[in-house]
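The following paragraphs are intended as a guided reading of the structure shown below. Please keep the sequence and the coordinates in view while following them.

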Amino acid sequence: MKIRILGCSGGIGARQRTTAILVDDDILIDAGTGLGDLSLEDVGKLRHIFLTHAHLDHVAGLPMLVDTVFDQRLGSPLEIYTQTETIQALRDHVFNGVIWPDFTRLPDADDPVIRFNEIVAGDRIGVDDREFLAVAVEHAVPTVGFLVRSGEFHVGFSGDTGANTTLWEALNAVPRLDALIVDVSFPNAQRPLAVHSGHYCPATLAEDLASLRHPSPIWLTAMKPGYEAQILEEVRAVLPGREVRRLMDGDELLL
Ligand SMILES: [Zn+2]
């Protein structure tokens, strides 16, 4: 399994893209602006999209992606897996015939470009030899993280989240964890804002990470532009001995 980070920033700026993670060449986790760096050929290989939640930085690339693959369909829709609330938000506010066409009914309802698949936390969705476990997390809107398994390897992606117990229980339940990609959007000085908006700051992450039994490397994501160095320094200060690094656009993980 190959994981390639197309975008992992909490905002945009020079060469910064929002969340989109490519798994091998056919699966996306989230569809932020990082999608825009995929070649037309690579866009055409996408078959499955797992969405953590409806926030714009995680879905902003989806409407244009759908438009691009309109002529490249391989006889089946692009399958989108996410919670009911996220599907409803996309139907109401994006694919509503005003902001963007309803591609779940185009070119016709029996042969659409995209198809929504409702999932709930706890569901395991298999795509060939890869499995995605949806894990409930705590954010401002209904959100799931994903625990991705390929063979014996596991990678966790928190999605956007603040303090919770469910993610850590799910991670502790697998025999090994090869990497954890986790949201740390704000520095400690903005802890009230982080708590209010459903994100970790270094201090709250360290409190929850204490329950993780795996010595996995921690990759920090979704950091607000301009605060990356400060957040990284603060996380390393509260997690001595733990491998902690800043996730970067273009990073690749081979498992
Ligand atoms: Zn969010």
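I181 stands opposite W219, a residue of β14. Residues are numbered from 1 along each chain as its sequence is written. The model is predicted, so local features need pLDDT of at least 70 and side-chain atom pairs count only at pLDDT 80 or more, whereas totals for chains, interfaces and linings use all residues; side-chain values use heavy atoms, with hydrogens and water left out. Helices (H or I, at least four residues) and strands (E, at least two) are DSSP runs, numbered from the N terminus.

The strands β13 and β14 run parallel and are joined by four bridges. They belong to an open sheet of seven strands, ordered β9-β10-β11-β12-β13-β14-β15, with mixed pairing. Two strands are taken to pair if DSSP finds at least two bridges between them. Because β9 and β15 stand at the edges with a single partner strand each, one side of each is left without a neighbour in the sheet. From one strand to the next, the twist averages 20°. Helix α8 lies across β14 and β15, and runs at about 175° to β15. Such angles run from 0 to 180 degrees between N-to-C directions, the axes being lines fitted to C-alpha atoms, for helices over the stretch in contact.

Helix α7, residues 202-209, is mostly covered, with seven of its eight residues buried. Here buried means under 20% relative accessible area, exposed means over 50%, and partly exposed lies in between (1.4 Å probe, protein chains only). The buried residues of α7 are P202, A203, T204, L205, A206, D208 and L209. They pack against α5, β13, α6, β14 and α8, where contact means heavy atoms within 4.5 Å.

Which residues supply the protein donors of the zinc ion? They are H53 through NE2, H55 through ND1, H139 through NE2 and D160 through OD, at 2.1 to 2.3 Å from the ion. Donors are N, O and S atoms within 2.8 Å of the metal (3.2 Å for Na, K and Ca), and sites may look incomplete because water is not among the atoms. The arrangement is irregular because the four donor atoms subtend angles of 90 to 165° around the zinc ion. By the criteria used, four donors count as tetrahedral if all angles lie between 85 and 135 degrees; four count as square planar and six as octahedral if opposite donors are over 155 degrees apart and all others between 65 and 115; anything else is irregular. The spacing of the donor residues in sequence is H-x1-H-x83-H-x20-D. H53 lies in the loop between β4 and α2 and D160 in the loop between β12 and α5, so this pair ties together parts that are 107 residues apart in sequence. H53 and D160 are both buried.

Side chains of opposite charge can pair when their charged atoms come close. The structure holds 15 salt bridges, each defined as a side-chain nitrogen of Lys or Arg within 4 Å of a carboxyl oxygen of Asp or Glu. In one of them, R130 pairs with D24, with the closest N and O atoms 2.9 Å apart. Since R130 lies in strand β10 and D24 in the loop between β2 and β3, the pair ties together parts that are 106 residues apart in sequence. R130 is buried at a relative accessible area of 4%, while D24 is partly exposed at 22%. A network of salt bridges links D24, D26, D128, D129 and R130.

R115 also forms a salt bridge, with E79, the closest N and O atoms being 2.4 Å apart. R115 is in strand β8 and E79 in strand β5, so parts 36 residues apart in sequence are tied together by the pair. R115 is partly exposed, at 40% relative accessible area, and E79 is buried, at 10%.

Some backbone features remain to be noted. D128, a member of the salt-bridge network, has a positive phi of about 55° although it is not a glycine. D128 is found in the loop between β9 and β10 and counts as exposed at 71% relative accessibility. A222, also not a glycine, has a positive phi near 65°. A222 lies in the loop between β14 and α8 and is buried, with a relative accessible area of 6%. Finally, a cis peptide bond with omega of about -5° joins L106 and P107, and P107 is placed in strand β6.
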